[in-house]
Amino acid sequence: MANIAAQRIKREFKEVIKSEEVAKCAIKLELVDNNYTELKGEIAGPPDTPYEGGNFVLEIKVPETYPFNPPKVRFITKIWHPNISSVTGAICLDILKDQWAAAMTLRTVLLSLQALLSAAEPDDPQDAVVARQYKENLDMFKLTARHWTNAYAGGPSVNSECDDKIKRLVDMGIEEHQARVALSSYNWDLERATEQLFS
Amino acid sequence: MEEMAASQENDSEMDCSDNEDCYDYNDYYNDEDSDVEHIDLLKIDPEYFEYKCLSEEEIERLLNETVEDLSNRLRISLSLAKVLLHSHYWNSNEVIVKYEENPQQTLISSRIDPPVPPRNIIFTPTHMTCPVCVTLHHVDRFFYLSCAHMFCKDCWTMHFEVQVNQGISTAISCMARDCVVLAPEDFVLKHLQHKTSIREKYQHFTFQDYVKSHPELRFCPGPNCSVIVHSNEIKAKRVVCDQCKTIFCFRCGCDYHAPTDCQVIKKWLTKCADDSETANYISAHTKDCPKCHICIEKNGGCNHMQCYNCKHDFCWMCLGDWKSHGSEYYECSRYRENPNIAHESVHAQAREALKKYLHYYERWENHSKSLKLEEQTLGKLRARINEKVMSGLGTWIDWQYLFTAANLLAKCRYTLQYTYPFAYYMDAGPRKELFEYQQAQLEAEIENLSWKIERAETTDRGDLENQMDIAEKRRTTLLKDFLDV
């Protein structure tokens, strides 16, 4: 079985390398080890989304039973998205679970993930905090997601106010990421974030 | 005691199977005979239920007959008939009506055919690449379902192996992206030809799926029991497994619960599980004697208590004088609602609701405990009888009536226990009053019976048998009036 997995990954790897998406720098695939069991994927944040301009790195683990079972994929780059855990990078996407079909490929997975970044499904959340913000305050969500894209995925800087607030907390001795999570979770309310961090 | 109860149950079950033996589906006259008999039996025994405990082989035969019959009537393959039956809960008539009305739509909705018919397959090349293993194979090695998605033989085999190992059987779909077509049994088995253990697993899982989707079949819930119960009546009636003697409800497979129905008992049990902490705290295991206030632990099933200290007779449930329970009106099973509750505060209403629940819960729990304690009483009884037989005081047969009495008591108390959730969810009104009256009558007779059994050696046999008769009559009367299945 492992034989088919390796054979398939080799082939898919070539397919992705030659694909037009790679040419447009939209997706990327790299080998991590030589026996084709682990790969590193990369997707560009889709245009007209808070993720635009960022590059998101993915960990792809190929099970022995691939392609009869789906690959295990998670975000390594930290991201603010209702269907992706802001803590672990775990993804909630049907094709990575029961809707997987053996005829799907890593290319379809990467493109589906890119599509997920353009169209979140807050009713089927992975991260409850993010999903609530998305549903209750879409503008706040977009601001936060863009900020995270800038901080972790190399996206453009947009709002210096956010950076200032983080700096205030860092000056108080809080670790930067922890400060960012607290502020993001409390709609950038410095007072409430501080309260939560020091309680 | 359970063993005894079961053997007695078994006797009555044998009566029905005798009756079933003359029930021949093909014989018109016998059929009618049995119908008449059936109605009569229901009049005598509201819990009467015709069912059969069958083995896996027998059920397989039964399912296969249904499949063959449908396949002949619609002139379709056996495999197709099976999928159609499974997706329609084994209702042949429904399949026939739907299929004759619109065969194409029926095949699509049963996921046998794709929603959009595939393009014609043209085999021009001699070789092609399988999209799953990306290997070039001769076209001979390719197979496909009605959706025409082609994959090589080895990949189909691997796909089925992986799915079966994950416990999936009747719901294995095609390997193509977004394709909903299911792989029928013959297609799967053909590809698992050389994989004996996987093949067996697959057949085991499909069989389980078939039985679970068939409303006339129910797996016996007993541990490690392989019996499957079959009945043409899909009702919440009592089943006693021939093999392991487990007693359960045919419709929901849980503990038998007459006169309460399946939904209500589920609601009640969930409620009890949620509230058990409070309820347990309030209903302690010991109570003080209402007269001399000595602490009493209940060590028998009977609720008619006699204080060992002052010899005061009282009721364990309401702590009232037993005299008012025995001969006159037995009412401690009835919950008295506060008539002015609508005008009280929300807080008082909540307290009242808890009080009401506790009233029923305490009685439910108490009878359940009594059942267990009476089981112990039976053990002691058995030891005492053993002693008597050994010392030449009669034979085992002479004392048999005591066991019959104990079994009857268990049966009656069991029903009594399940009358409490029924009453809890009942709307107030004359029907509830009638129910609670009958419940009180039953409870009084059960306590009398329990009292007499615990003092069996000093109770006259005729008296005891009379009491048994009264208790069982009360039980059947209540069930006849309120068991609604």
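Is Cys92(A) buried or exposed? Cys92(A) is buried at a relative accessible area of 14%, where buried means under 20%, exposed over 50% and partly exposed in between, for a 1.4 Å probe and protein chains only.

The views below show a predicted model, in which local features need pLDDT of at least 70, side-chain atom pairs count only at pLDDT 80 or more, and totals for chains, interfaces and linings use all residues. Residues are numbered from 1 along each chain as its sequence is written, chains are lettered from A and ligands numbered from 1 in the order in which they are written, and side-chain values use heavy atoms, with hydrogens and water left out.

**View 1. Surroundings of Cys92(A).** An unreviewed UniProt entry annotates Cys92(A) as "active site"; UniProt positions follow the numbering used here, feature names are shortened, and annotations may be inferred rather than shown by experiment. The residue sits in the chain A loop between strand S4 (72-75) and helix H3 (106-118). Helices (H or I, at least four residues) and strands (E, at least two) are DSSP runs, numbered from the N terminus. Beyond neighbours within four places in sequence, Cys92(A) has contacts with Asn83(A), Lys97(A), Leu116(A), Asp124(A) and Gln126(A), a contact being heavy atoms within 4.5 Å.

**View 2. Salt bridge between Glu59(A) and Arg74(A).** The N to O distance is 3.2 Å; a salt bridge is a side-chain nitrogen of Lys or Arg within 4 Å of a carboxyl oxygen of Asp or Glu. The pair links distant parts of the chain, with Glu59(A) in strand S3 (residues 55-61) and Arg74(A) in strand S4 of chain A, 15 residues apart. Glu59(A) is buried at 16% relative accessibility, while Arg74(A) is partly exposed at 31%.

**View 3. Salt bridge between Glu161(A) and Lys165(A).** The side chains meet at 3.6 Å, N to O. Both residues belong to helix H6 (residues 160-171) of chain A and are 4 residues apart, about one turn of the helix. Glu161(A) is partly exposed, with 49% relative accessibility.

**View 4. Salt bridge between Glu161(B) and Lys195(B).** The N to O distance is 3.0 Å. Glu161(B) is in helix H7 (residues 153-165) of chain B and Lys195(B) in the loop between helix H8 (185-191) and helix H9 (196-213), so the pair ties together parts 34 residues apart in sequence. Glu161(B) is buried at 16% relative accessibility, and Lys195(B) is partly exposed at 33%.

**View 5. A salt-bridge network in chain B.** Glu47(B), Arg238(B), Glu472(B) and Arg475(B) are joined into one network by salt bridges that share partners. Over all chains, the whole structure has 23 salt bridges.
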